[in-house]
Amino acid sequence: MARKLALLALLPAFAAVAFGVAFLLFYRGGYDPPPDVEISYEEITWPQLPAGAVVDSPATQVKRGLVLVDTMHNNSFSEAEFFALNSRIASRGYEVEFVGAFTPQFEELRHQLLEEKLRRADSLVVILPQLSYSEAEATLVERFVQKGGRLLLVSDPARPQQTNTLATRFGVEFRPDYLYNVSDYDLVFQNIIVREFQPGELTVGLDAITLYTAGSIRTSGPGLAFAGPGTESSVVETSEPLYPIAGGDSRNVLAIADFTFLVPPQNSLLDNDRLISNIADYLTSSEREYHLTDFPHFYETGTDNAADILLGQPSLWDVGIQMKNGLSTYGIPSEIRGAEDLSRDTVFLGLYDDALPVSRYLQAAGVRVGDTIGTPFAPDLDLQGTTVTVLDQNQDRYVLVVLADSPWTLTGAVDSLLAGEFRGDLVTDYAGVGR
């Protein structure tokens, strides 16, 4: 018992020794704050952007436009992942519309939506479609590109996709490979750094970009970005250059075999941000042509861009109001005027007797109005019960001419235009004859 009491009495001494040893081993002194230093306002230096950072400076757009993004083919991406490019496009005054609302659609509905939306679009973005493009859909896109619309195709070997079902129509094939480099990479060898570029609008200002799941592209067009020395393909054994970014067989087609550089935070690394700005410039600078089948989307929306409606005679006032109200349903403002302004978009509504003031537009479309109606690729027709519709485009001005044998027939022709039923009457891209 006495021994236990002695040990208990020694515990405080042991604790004191242990604390002393720990204090000597680990204590590094207290914290003494530095003296206050007064800095004048003139001496304050503001933080600078890191080297390679981009301040996006979009050019002022002369006209507004529309970029369509395909989301009806069960596409393997989300709207949030598209935010960086979306915001750059919007900053250039263009609208971005996601066609399909990320809901897979049946082929017939896809074709119908695509056909209607492309009539008013300037550019189309197709990213990682998991549903194949049908022959009819690919033909719609091909015609759109032929008219000057721009097409961006984005694939990625790390995500399921059927991009080649559309891409091959434009001389582009996304290979099923990964690019890698074991000597020059970011963190892991699959994250390649690209430093070689073909000079052009897509690559201006680029010194180096980083791609995280890039594949390679076989193309009949130009290679725009070249995977440098030491970069290999997981599938292709070849000495030919490996392109993760390339053009198609038209300057209006751009193909990119990587999606990761668009997604934060990868979008801000190296010159990726500059590349995204260049792509936004590319998509918002198309110079597409409009055909009669695209009515009424060759006319601009917005209160500052009203089209003029001219009448061949005062008795057609009601038809003019019909056209004006119909255009307004598409967001296109218009005004009925008494004389033609050669600087403004115009709709001319008249009878065959009123054809003389618009004869130059008829002749340009290959249409002759006399005792009969003559058009390209069709036999002459009697005037009775017929309508003629012609679109003329010259110097950024669109003139639509609609003529008929009577006010009643002219009213039907305007109804057909506004309802989209006129497209079955087209004899050329710029002229149609209805009965």
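With which residue does R88 form a salt bridge? In this predicted model, the partner of R88 is D273, and the closest N and O atoms of the pair are 2.9 Å apart. A salt bridge is here a side-chain nitrogen of Lys or Arg within 4 Å of a carboxyl oxygen of Asp or Glu. The pair links distant parts of the chain, since R88 belongs to helix α2 (residues 83-91) and D273 to helix α6 (residues 272-283), 185 residues apart. Helices (H or I, at least four residues) and strands (E, at least two) are DSSP runs, numbered from the N terminus. Both R88 and D273 are buried; buried means under 20% relative accessible area, exposed over 50%, and partly exposed in between (1.4 Å probe, protein chains only).

Residues are numbered from 1 along each chain as its sequence is written. Because the model is predicted, local features need pLDDT of at least 70 and side-chain atom pairs count only at pLDDT 80 or more, whereas totals for chains, interfaces and linings use all residues, and side-chain values use heavy atoms, with hydrogens and water left out.

The structure holds 23 salt bridges. Among them, K117 and E97 meet through their side chains at 2.8 Å, N to O. K117 lies in helix α3 and E97 in strand β2 (residues 94-99), so this pair ties together parts that are 20 residues apart in sequence. K117 is partly exposed, with a relative accessible area of 24%, while E97 is buried at 16%. A network of salt bridges links E95, E97, K117 and R120. A further salt bridge joins the side chains of R119 and E116 (2.6 Å, N to O); R119 counts as buried at 8% relative accessibility, and E116 as partly exposed at 35%.

R119 is also one of the residues lining the second largest pocket. On a 1 Å grid over the protein atoms alone, a pocket is an open set of points where a 1.4 Å probe fits, with protein on both sides within 12 Å along at least five of seven lines; lining residues have an atom within 4 Å of a point. About 350 Å³ of space lies in this pocket, the volume being the space filled by probe spheres set on the grid points, which are joined across faces, edges and corners. Helices α3 (107-118) and α4 (135-146) each supply at least two lining residues, and the largest share, three residues, comes from α4.
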